[in-house]
Amino acid sequence: MLKALIFDVDGTLAETEDLHRQAFNRAFAELGLPWRWDEALYADLLAVMGGKERLAHYIDTEHPAEAAALHARAPEIHAIKTRAYGDLVARNGLPLRPGIARLIAEARAAGIRLAVATTTSRPNVDRLLAANFPPDVAPFDVIAAGDEASRKKPAPDVFLLALAGLEIPASEAVAFEDSAAGISSARAAGLPVLATRSRYTESHRLDGAFSAVSDLGEPDRPHRHLAGVEWPGGVVDLASLIRWHESRGGQSTPVQAMGTSR
């Protein structure tokens, strides 16, 4: 029986990554650091999961001679970046990706539990949810954020935390991801994965997902099917997910060798 849906955040719930990039640049400017992450560089840096880890990697690879001093400043840089991200989301809004709000509403109405499993920090999750849901609505039953996990994706830790909070086995849930590392993380936790493309993961292989689509789709804006399971009308809805889950008994047939050509 399908009892829960578990969502990644950045690139899956919303196209957040470019606001994260802008927030890093604002932090660098505020602290007088002569750095600027453009889109191409940030796409490369996203191979490192977690903002703090991404910053540490950049320091080590681009500024090794100053690494010790810069690592000492990294907590301040990241704190300013987190504040800047929150300000950007509050000021500009950040809509959920197609089909996300619809599927969340369908799940809540049906009593299906919802969770987040993300490498990002909890304040970033809270800001995104505050921008898209009324103050009295808590759409997710469990939020497992990056700072709570011992290891970042592709390790399974954050998905295991989400499953523990939901108190269900992996066979009773489906994960939603947009990146190769995220798919590996969810699969390592035993979860079947539905993958969506996002702005910064267009080049990622989606091997391991049982279905790959451009987004979850809306009735008037069907998604583009990429590989694996196809969804009626180009829309991933709860009824179709339940039918797929029941037909497979919670087991998935992963997408194989899905690279950059889609």
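Gly-50 is buried, with a relative accessible area of 1%. This residue belongs to a predicted model, in which Gly-50 sits in the loop linking α2 (39–45) to α3 (51–62). Although Gly-50 and Thr-118 are 68 residues apart along the chain, their C-alpha atoms are separated by 8.9 Å.

- The model contains an open sheet of 7 strands, with mixed pairing and the order β3-β2-β1-β4-β5-β6-β7.
- Its edge strands, each of which pairs on one side only, are β3 (142–144) and β7 (225–228).
- From one strand to the next, the twist averages 15°.
- Strand β2 (residues 113–117) pairs with β3 in the parallel sense, over 3 bridges; here Ala-117 is placed opposite Ala-144 of β3.

**Strand β5 and its neighbours**

- β4 and β5 run parallel and are joined by 3 bridges, with Ala-175 having Val-193 in β5 as its bridge partner.
- On the other pairing considered here, β5 and strand β6 (residues 211–213) are also linked in the parallel sense over 3 bridges, and Thr-196 has Val-213 in β6 as its bridge partner.
- In a regular strand, side chains alternate between the two faces of the sheet.
- Both faces of β5 are covered: Val-193 and Ala-195 are buried on one side, and Leu-194 and Thr-196 are buried on the other.
- A right-handed β-α-β unit is formed by β4, α8 and β5.

- The buried residues of α7 are Asp-157, Val-158, Phe-159, Ala-162, Leu-163 and Leu-166.
- These buried residues pack against strands β1, β2, β3 and β4, and also against helix α8 (180–188).
- An α-helix has 3.6 residues a turn, so residues three or four places apart point the same way.
- Just after α7, Glu-167 adopts a positive phi of about 60°.
- Helix α9 (residues 238–248) lies across β1, β4 and β5 (193–196) and runs at about 120° to β4.

**The pairing of α4 with α6**

- The axes of helix α4 (residues 67–92) and helix α6 (residues 122–132) are 9 Å apart, and the two helices pack at an angle of about 5°.
- Angles under 35 degrees count as roughly parallel, and α4 and α6 are therefore roughly parallel to each other.
- From α4, the residues in contact are Lys-81, Thr-82, Tyr-85, Gly-86, Asp-87, Val-89 and Ala-90; they meet Pro-123, Asn-124, Arg-127, Leu-128 and Ala-131 in α6.
- Sorted by class, this contact of α4 with α6 comprises 6 nonpolar, 3 polar and 3 charged residues.

**A buried glutamate in a loop**

- Glu-172 is located in the loop between α7 and β4.
- Buried means under 20% relative accessible area, so Glu-172, at 18% relative accessibility, counts as buried.
- Leaving aside residues up to four places away in sequence, Glu-172 touches Met-1, Leu-2, Lys-3, Ala-4 and His-245.

Technical notes. Residues numbered from 1 in each chain as written. Predicted model: local features only at pLDDT ≥ 70, side-chain atom pairs only at ≥ 80, totals over all residues. Heavy atoms only, no water. Axes fitted to C-alpha atoms, helices over the stretch in contact; angles between N-to-C directions. Helix = DSSP H or I, 4+ residues; strand = E, 2+ residues; numbered from the N terminus. Parallel < 35°, antiparallel > 145°, perpendicular 65-115°, else oblique. Contact = heavy atoms within 4.5 Å. Nonpolar A, V, L, I, M, F, W, Y, C, P; charged D, E, K, R; others polar. Pairing = 2+ DSSP bridges. Buried < 20%, exposed > 50% of the residue type's maximum accessible area, 1.4 Å probe, protein only. Right-handed = clockwise from strand over helix to strand, strands pointing away.
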